[in-house]
Amino acid sequence: MVFNTGAALLDGIVLAVISKDEEGTYGYRITQEVREILDVSESTLYPVLRRLQKDGCLDIYDKAYAGRNRRYYKLTKKGSTKLQLYALEWQEYSKKISNIFDEVII
């Protein structure tokens, strides 16, 4: 993709992926889902998860799976509120950008 992804957009995408499951989801799955739409590395996503947790947007818990622990990430109330804000902002922003591109004759 030729467009850069800013930190706020990446935060919103990560929160949206995590919000799909009320019980939360684990890091590798988050990475795989985000990578389906953006070309980002695990080394980019895990600091995002840590920052969102530090900001109070995510709760973290470990759960046993196949003899080892998986780290799960779940939205907090603050995380849900922030996700709603990102979604509203994205709707407005993407609408403005789409309107500009709609005027381009190809």
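Leu9, Ile13, Trp90, Tyr93 and Ser94 are the closest to its centre among the 21 residues that line it. For my own record, on a 1 Å grid over the protein atoms alone, a pocket is an open set of points with protein on both sides within 12 Å along at least five of seven lines, a cavity is a set where a 1.4 Å probe fits but cannot get out, and lining residues have an atom within 4 Å of a point.

The model is predicted: local features need pLDDT of at least 70 and side-chain atom pairs pLDDT 80 or more, while totals for chains, interfaces and linings use all residues. Residues are numbered from 1 along each chain as its sequence is written, and side-chain values use heavy atoms, with hydrogens and water left out.

I then asked which helices supply the pocket lining. α1 and α4 each supply at least two residues, and α4 gives the largest share, 9 residues. Helices (H or I, at least four residues) and strands (E, at least two) are DSSP runs numbered from the N terminus. By class, I noted 15 nonpolar, 5 polar and 1 charged residues in this lining. Here Ala, Val, Leu, Ile, Met, Phe, Trp, Tyr, Cys and Pro count as nonpolar, Asp, Glu, Lys and Arg as charged, and the others, Gly among them, as polar.

**Cavity**

Val17, Lys20, Asp21, Thr25, Arg29 and Glu33 line it. That lining divides into 1 nonpolar, 1 polar and 4 charged residues.

**Core**

I looked up the largest nonpolar core, where Val14, Leu15, Ile18, Ile30, Val34 and Leu58 touch the most other members of the 20. α1 gives the most to this core, with 6 residues. Such a core joins buried Ala, Val, Leu, Ile, Met, Phe, Trp, Tyr and Cys residues through side-chain atoms within 4.5 Å, buried being under 20% relative accessible area with a 1.4 Å probe, protein chains only.

I checked Val34 for contacts (heavy atoms within 4.5 Å). Leaving out residues up to four places away in sequence, Val34 touches Leu10, Ile13, Val14, Val17, Val40 and Leu45.

Lys63 stands opposite Arg70 in β3.

Note on methods: Buried < 20%, exposed > 50% of the residue type's maximum accessible area, 1.4 Å probe, protein only. Pairing = 2+ DSSP bridges.
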